Amino acid sequence: WFAEKTNSQAPNKRGRRVAIVAVARRLAIALWRYIEHGVVPEGAQFKEAKSSS
């Protein structure tokens, strides 16, 4: 999503910063939904925990 948005815009610092804030906002909302309601974001994959044996 980020690469799609940043590649389509003219290369400028402001546009890139706006895109970074948008990604941060999306991540914050996804984290809040997961913590409060247990909703896993679409496309998310959990990694298996490694055993220390």
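Reader: Is Leu-27 buried or exposed?

Author: Leu-27 is exposed, because its relative accessible area is 57% (buried is under 20%, exposed over 50%, partly exposed in between, with a 1.4 Å probe and protein chains only). This is a predicted model, where local features need pLDDT of at least 70, side-chain atom pairs count only at pLDDT 80 or more, and totals for chains, interfaces and linings use all residues. Residues are numbered from 1 along each chain as its sequence is written, and side-chain values use heavy atoms, with hydrogens and water left out.

Reader: Which helix is Leu-27 in?

Author: Leu-27 sits in H2; helices are DSSP runs of H or I with at least four residues, strands are E runs of at least two, and both are numbered from the N terminus.

Reader: What span does H2 reach?

Author: H2 has 25 residues and reaches 36 Å from first to last C-alpha, close to the 36 Å expected (1.5 Å times one less than its number of residues). Just after H2, Gly-38 takes a positive phi of about 75°.

Reader: Switching topic: how many helices and strands does the protein have?

Author: There are 2 helices and 0 strands. Of the 53 residues, 6% are buried.

Reader: What about the surface?

Author: The accessible surface is about 5400 Å², 55% of it from carbon and sulfur atoms; areas come from the Shrake-Rupley method with a 1.4 Å probe, and for residues only the protein chains shown count as cover.
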